[in-house]
Amino acid sequence: MASGEKQSLGDVIRDSQIWKSIFRHPAPVDRRNRVVVMLTNFFLHLHPVSVKKQGIALSYTWCMGGVTFFLFLVETVTGVLLMFYYRPTLEWAYNDILSLRDVTSLGILRELHRWGAHAMVITVWLHMYRVFLTGSYKPPREFNWVIGVILLLLTLLLSFTGYLLPWDQLAIWAITVGSNMARATPILGYEGPGQQLLTLGGIDMITSGSDARFGLLGARFVGEETLNRFYVLHCIAIPLSAAFLMAIHFWRVRKDGGISGPL
Amino acid sequence: MHGNSQVFLEGISGFLGWYYVSLAAMNLIAAYWLWRARHLVGQAIFWLVVALFYMGYLAPMATSADPEWMPQMPALIRNLVNVSLGGSTGAVTYSVGSMVLLIVLYLGRRFFVRGQVAWGMLNLSLLALGLSMTDYNFYTIAAKPDNVPIVGLIFLIAFFTWLATSRAVENDDRIARGEPTLEHEGSEKVLVWPDLVYTELICMVALTAFLLLWGIGLEAPLEEPASSVKTPNPSKAPWYFLGLQEMLVYFDPWMAGVVMPSMIVVGLMAIPYLDFNPKGMGYYTIAERKFSYLTYQFGFLLLWIVLIVLGTFLRGPNWNIYSPYELWDVHKVEALNNVDLSQYFWISGMNMAMPRAPNGSSVPIQLFYIAQREWLGIVLVLAYFVVLPPFLAITVFRKYYAKMGFVRFMVMSNLLLFMLLLPIKMVLRWTVNLKYIVSIPEYFLNL
């Protein structure tokens, strides 16, 4: 403090070498640095530097896309923590959920994950509702709407595959009801119309052991193979696909000129 | 039984007390806002009185857990609902009623979006929910942990539909007067830091708090361990697929579970390529895009949300319809005497036996007999999907056809026809007990 000018603790921290090495920009307190912060920060660079006022008005946007993304992050974090306590086998799945409730500290982990998942399904619908009602799928945003529809589908599949994992009555029967449909897939399901078309030398290609439902469940009925299959889909395949599509979805929002309206 | 119901009332009295207190708080805030921000003293006093009624009467009475005093849904209304929804025509009453309600809301949207009216309807529905919670049968369904989000969904959909419609009504007025829309007024630019990032931060904090409270207050469901031999009755799919499960009443699984969902996904994806209307982009409007608006609302609100609510709250054992105030009696019997179109034609119409291939005949002969048996249904379905679109193109949709061209128009009309298949089948089932239009069980091809 040789200069005699008193520095606040915040200034000292922000002037330190460590701080400057982490954040590539000064504190966003003036106009110039509020622009710079958006351009130089990895987490913020998703955003533009400035937006139309209506593009951030809650009564217009409902914030549902953002909420959905946030819920996806909540599901990822709580999901990873849940994976520490859960083994997808007939022997352990149900017991692990029981002990998660009764023994584990932070006892609301599963609640956060489940309610977050329900909320995410609802917020995806509301997001889509808003995008439709404001005509935000119109050119040049057509393809981003298509990606959005796929993301909607992935959200439902994420929830559906997760539904099985507690391995209680609620889980297996909901999945049984849901996956029984696949049995009736035209041509590819063994009770589907046209399954007789796929025969080779008089032998049915499509049986209960080789049809679409079998492919989904990994077995003739919901069993341990299904549990394993849904676990992998739920924890790895679908989240990765969704994250990949989300990246494109957000990038396209930027490139197509904001969330809605003419360019 | 009286002892049990006393235990039940005591169990929920605490929750209901807080429920009415929060309703009071909600109206108190509204009254304060009307007074300070809007200077509407008369309205403020009205909602203040409502708040005092919740706080001073309903909340203490609910906390008392005394069956004499506890505010309950009047038996008259409960009986009325039981009679209209619990009977054999429950599905008809519910579906047609929902449609009429949506049409009334749409036609009277100018009236219903008014703050006073909307707030009054919100109060009434929340009050109805609170009063119904003292009914054991209602409570069992509405408070089932996995159904709680659906109660929330109903209110969220209603709220956001109100929000969007009120803005659309305002915008339509402005457009008619030649003024810029609400959204156009906000077209100047602001910096993302701090305006947007702070909004996002506040949203995240609020949402985290909300999720934590929800997680602490309501335990995630966990039933008995899975058993592949003990089938629960009813067996329900996860709630977001209940609209599809409801379709199973009217269609075979290949339609309800595979074709229809695929068509929904394809149809949603096709929307931007079919909607050629350049208007209504970036602002809420109904008048400038009536057709696409009504189509979407028909599909989303009526065929998706309304059916999910039906599947969640009204479908009970054996997939029968139960009124929300009705006991889920497993032995409730509903007569199933559905008839195929071909049976109508051959047996009732022609007074003949159904055509049947002789035993041991070859595949082509069998196909011939099937075609003869089902010819009317096949012709109708072909006419529906092949003849109707060109007919629409030269009549009601002439302008659309001219603008869209052949391929786009055919895709659109076929998607619309697929969507209409469900209500058509519903009406045919309710009116003439029609089971299948085309029934070819030999090849699992029933429609």
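## A walk through the two-chain model

Lys138(A) and Asp275(B) form a salt bridge, with 3.5 Å between the closest N and O atoms. This pair crosses between chains: Lys138(A) sits in the loop between H7 and H8 of chain A, and Asp275(B) in the loop between H12 and H13 of chain B. Both partners, Lys138(A) and Asp275(B), are buried. Keep in mind as you look around that this is a predicted model.

From that pair, let's turn to the interface. Across the boundary of chain B and chain A, the rule finds three salt bridges. Another cross-chain pair is Arg114(A) with Asp146(B), whose closest N and O atoms are 2.7 Å apart. Which elements of chain B supply at least two residues each to the side that touches chain A? They are helix H8 (148-177), strand E1 (189-191), helix H10 (192-217), helix H12 (253-274) and helix H13 (290-314). H10(B) gives the most, with 16 residues. By residue type, that side of chain B divides into 59 nonpolar, 17 polar and 17 charged residues.

How much area goes into this meeting of chains? The size of an interface is often given as the accessible area lost when the parts come together. Here the area buried between chain B and chain A is about 8,300 Å², and carbon and sulfur atoms give 73% of that. Trp193(B), Leu222(B) and Met281(B) supply 9% of the area that chain B buries against chain A, more than any other three residues. Counted by contacts, 93 residues of chain B touch 89 residues of chain A.

Now for the salt bridges within a chain; over all chains the count comes to 19. In chain B, the side chains of Glu246(B) and Arg315(B) meet at 2.6 Å, N to O. This pair links distant parts of the chain, 69 residues apart, from Glu246(B) in helix H11 to Arg315(B) in the loop between H13 and H14. Both Glu246(B) and Arg315(B) are buried. In chain A, Asp96(A) and Arg87(A) form a salt bridge at 2.9 Å, N to O. Asp96(A) counts as buried because its relative accessibility is 4%, while Arg87(A), with a relative accessible area of 40%, is partly exposed. Glu170(B), Arg174(B) and Glu185(B) are linked in a network of salt bridges.

The backbone has some details to look up too. The peptide bond from Pro139(A) to Pro140(A) is cis, with omega near 10°, and Pro140(A) is in the loop between helix H7 (109-133) and helix H8 (142-164) of chain A. In chain B, the bond from Asn233(B) to Pro234(B) is cis, with omega near 0°; Pro234(B) lies in the loop between H10 and helix H11 (242-247).

Is each of them buried or exposed? Cys63(A) is buried, with a relative accessible area of 18%, whereas Asn351(B) is exposed, at 70%. Cys63(A) belongs to the loop between helix H4 (58-61) and helix H5 (64-85) of chain A, and Asn351(B) to the loop between helix H14 (341-349) and helix H15 (363-373) of chain B.

The buried residues of H6(B) include Val117(B), Asn123(B) and Leu127(B).

Conventions
Residues are numbered from 1 along each chain as its sequence is written. Chains are lettered from A and ligands numbered from 1 in the order in which they are written. This is a predicted model: local features need pLDDT of at least 70, side-chain atom pairs count only at pLDDT 80 or more; totals for chains, interfaces and linings use all residues. Side-chain values use heavy atoms; hydrogens and water are left out. Buried means under 20% relative accessible area, exposed over 50%, partly exposed in between (1.4 Å probe, protein chains only). Helices (H or I, at least four residues) and strands (E, at least two) are DSSP runs, numbered from the N terminus. Contact means heavy atoms within 4.5 Å. Buried area is the accessible area (1.4 Å probe) that two parts lose on being put together, summed over both. A salt bridge is a side-chain nitrogen of Lys or Arg within 4 Å of a carboxyl oxygen of Asp or Glu. Ala, Val, Leu, Ile, Met, Phe, Trp, Tyr, Cys and Pro count as nonpolar, Asp, Glu, Lys and Arg as charged, and the others, Gly among them, as polar.
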